[in-house]
Amino acid sequence: MRIGIVCYPTFGGSGVVATELGLELSKRGHEIHFITYNQPVRLELLSHNVHYHEVNVPEYPLFHYQPYELALSSKLVDMVKLHQIEILHVHYAIPHAYAAYMAKKMLQEEGIYIPFVTTLHGTDITLVGSHPFYKTAVTFSINKSDAVTSVSQSLKDDTLRLFDIKNDIHVVPNFIDLERHEPHFTDCQRAMMATDDERIITHISNFREVKQIPDVIRVFYNIQKQIPAKLMMVGEGPEREPAELLCEELGITDKVIFFGNSNEIDKILCFSDLFLLPSLTESFGLSALEAMASGVPVISSNTGGIPEVNVHGVSGFLSEINDIDDMTKNALYILTDSNRLSEFKANAKGVSKRFDIHQIVPKYEKIYEDTLKKCMIL
Ligand code: GMT
């Protein structure tokens with residue numbers, strides 16, 4: 001199939017999922033066209049069946065807001081025609097589903113029929129999309145999609161609760177390329193980060209309020225009072241500076257390393273002993289799955305779709321949101337006994353296998369095939 005993929009090309013989970021999906025589909029023989037405003041961060045290799053088409057939004061001083069949806073829908077029309085794209089898969093409802101619908105309508109005027117699949121990722125529903133200023137357009141574009149998927153059952157339930165949805169929603173969980181998370185280096189360069197007796201704790205996110213960064217720091221603060229430990233903070237965002245100040249206040253700056261954004265998270269996870277994800281809401285928690293695939297147990301909140309990924313008492317533990325004491329207790333339970341730590345590491349890896357890329361990507365292929373068939377009948 002010739003498939004057009006629209007996503008946010010940044011370090012956010014939805015862009016990562018869309019990019020990994022496109023790359024895997026290309027390996028399975030499909031021709032993939034990424035249509036975005038920048039080359040997606042994890043898209044390193046372009047090849048004969050992986051293409052990237054940039055959406056340009058010319059600056060015009062009359063406009064207070066530059067009309068990205070307009071530029072995107074025009075680009076979609078042009079690329080569908082030029083490359084005979086058969087189906088569009090848009091990741092994140094806002095504004096991608098809306099732009100895809102416009103492109104579909106414009107193409108219909110020329111006798112070209114292009115169906116589009118919308119994947120809901122979470123913040124487009126739970127944080128942004130349900131805002132009264134967006135809700136009408138988001139509801140419309142979900143209902144006008146030819147197929148809709150969500151990355152967890154919890155997100156599907158939230159979508160049905162928050163919007164008036166007439167379409168079926170297929171749950172297709174996020175996935176992981178397990179081979180990518182096999183340690184390829186023997187020592188994992190652990191010694192560069194910590195001494196042998198120190199436990200390494202990691203957090204990876206976009207450092208937004210929803211990630212509850214102060215809770216990450218406070219849980220770590222409690223842990224390091226009991227056992228030698230280091231904290232690796234990976235990512236960039238508005239909460240990074242306050243987090244650095246909090247570390248200073250607590251007197252733990254020598255134990256906390258801020259890496260910024262990284263394309264080498266598998267290397268960082270390789271030497272990690274524990275992953276912290278105390279989010280306020282999380283439709284899936286791709287970073288937790290990436291940690292588990294590297295054999296790192298997860299201490300998380302029990303919100304949204306996280307319980308569908310992190311299995312309580314097996315791959316890690318779940319606590320109520322903001323329950324720092326419970327998270328600390330659970331973290332110490334895992335970290336203070338080497339045998340137990342090894343057991344949780346093995347379990348985390350085991351649970352991650354449920355989300356093997358080779359099991360999940362065919363579900364998307366099936367949805368594309370069914371959608372194309374359905375559209376041919378109509
Ligand atoms: O919150 C983020 O990390 C970014 C956000 C996004 O839209 O890119 O992530 C959402 O989509 C990811 C991929 O499906 C999910 O793993 C994240 O849980 C989800 N974030 C939230 O729901 C807050």
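## Terms and model

Helices (H or I, at least four residues) and strands (E, at least two) are DSSP runs, numbered from the N terminus. This is a predicted model, in which local features need pLDDT of at least 70 and side-chain atom pairs count only at pLDDT 80 or more, while totals for chains, interfaces and linings use all residues. Residues are numbered from 1 along each chain as its sequence is written, and side-chain values use heavy atoms, with hydrogens and water left out.

## The helix pair α7 and α8

Helix α7 (residues 213-226) packs with helix α8 (residues 240-250) at an angle of about 25 degrees, their axes lying 10 Å apart; axes are lines fitted to C-alpha atoms, for helices over the stretch in contact, and angles run from 0 to 180 degrees between N-to-C directions. The two helices α7 and α8 are therefore roughly parallel to each other, a term for angles under 35 degrees.

The contact (heavy atoms within 4.5 Å) is made by Ile213, Pro214, Ile217, Arg218 and Tyr221 of α7 together with Ala243, Leu246, Cys247 and Leu250 of α8.

## The open sheet

An open sheet is formed by 6 strands in the order β10-β9-β8-β11-β12-β13, with parallel pairing; two strands pair if DSSP finds at least two bridges between them. The edge strands, each pairing on one side only, are β10 (256-260) and β13 (316-319).

Strand β8 (residues 199-204) runs parallel to strand β9 (residues 229-234) and is joined to β9 by 6 bridges, and Ile204 stands opposite Val234 in β9. Helix α10 (residues 286-293) packs on the sheet, where α10 touches β8, β11 (274-277) and β12 (298-301).

Definitions and conventions:
Parallel < 35°, antiparallel > 145°, perpendicular 65-115°, else oblique.
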